Amino acid sequence: MLLRQLFDRETWTYTYLIADEESGEAMLIDPVIDQLERDIKLLEELGLKLVYTLDTHTHADHITGSGLLRKRLGSKAVTGAHAGAEGADLLVDDGSRLKVGSVELEVRSTPGHTDGCITVVTADHKHAFTGDALFIRGTGRTDFQQGSAERLYRSIHDKIFTLPDDTIIWPGHDYRGMTFTTVGEEKRLNPRVGDGRTESEFAEIMNHLNLPTPKKIDIAVPANLHCGIVPPSSMSGDPLPERGWAAIERSPQGIPEVSIAWVAKNKGAVRMVDVREIDEAQSDGKIEGVDVVPMGTVDEASKAWDKEIPVITICRSGRRSGRVALELEKLGFKRIASMRGGMVAWQSQ
Ligand SMILES: [Fe+2]
């Protein structure tokens, strides 16, 4: 079995590549959307075919690469049956088995950090990929996303600490530069759940961590519930043609713009993005079906948008939406335009 630990510096996330060298079949555990090109290049270099991506849970700190990898490489997206994700190709639960060539893996349900957390263990019990259930001398947090210290304690003790002491633990994150550990080591040394700590001692520790909310949670969780590709909520109609899709006029600043009349007619065929602040869109009214994505968060949110779906940006007067349209054009969105005159003009019509 080939095994590689890959790291995303921005979110301290470990991605794991597991492959059967003989058949060339491979799986990525917890791929990060920002590392898509790195991961594809490595697969190519090693002559591997990606058959599965597996998300150990619905991540709050990064967007999964599973949806885009499926698009690019034809891999199947696997998630836990209780993760609540839509559009996964395969749902696994406690006791499920997966085969990557001749490599056999078993799934253990380890809720507590989230309801849908799973741990993946090789059939020989040599390696366990624990996601955000168990870290090196730590655990996943339990203070949001259905987190429960009691459930996490039980998961770790019943599903991970029951593995042999020499099983290698590969965590979903590490924030101190550590890479892996073993079951025996964590049973002895984990300051939260090891060394004889009781369930109530663990709950006491977890309830007083006072951690900040992850920066990307509002974008990452909704995206990850759709394998990292967010469907536009405004779309209902037939797709627009690829060329000549809209009556675009460039402003003197080079901003691609469409008229209000065009938007009124075609809004069911595009992703409509209102870039005003959330309270602004709430108090001043918005167009039905738009997604409100404040200007400062568009960069991150747009990672989870299919670049082939046209995007119309909207704001109060058309200034911010124009800037965002140019920004998205630079990011590779080819069918992008700002609604000229913004909501002021829309509401006066
Ligand atoms: Fe997590």
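Before you click on anything: helices (H or I, at least four residues) and strands (E, at least two) are DSSP runs, numbered from the N terminus. You're looking at a predicted model, where local features need pLDDT of at least 70, side-chain atom pairs count only at pLDDT 80 or more, and totals for chains, interfaces and linings use all residues. Residues are numbered from 1 along each chain as its sequence is written.

**Stop 1: Trp12.** Select Trp12, in the loop between strand 1 (2–8) and strand 2 (13–20). Check its backbone: phi is near 60°, a positive value in a residue other than glycine.

Stop 2: Now show the 6 strands that form an open sheet, in the order 7-8-9-10-13-14, with mixed pairing. Strand 7 (97–100) and strand 14 (181–182) are at the edges with a single partner strand each, so one side of each has no neighbour in the sheet. Two strands pair here if DSSP finds at least two bridges between them.

Zoom in on strand 10 (residues 127–131) and strand 13 (residues 168–171), which pair in the parallel sense over 4 bridges. Pick Ala128 and you'll find Ile169 of strand 13 opposite.

**Stop 3: Arg137.** Which loop holds Arg137? Go to the one between strand 11 (134–135) and strand 12 (138–139). Arg137 isn't a glycine, yet its phi is positive, at about 60°. With 18 other C-beta atoms within 10 Å, Arg137 is partly exposed.

Terms used
A residue is buried if 20 or more other C-beta atoms lie within 10 Å of its own, exposed if 12 or fewer, and partly exposed in between; C-beta atoms are placed from the backbone.
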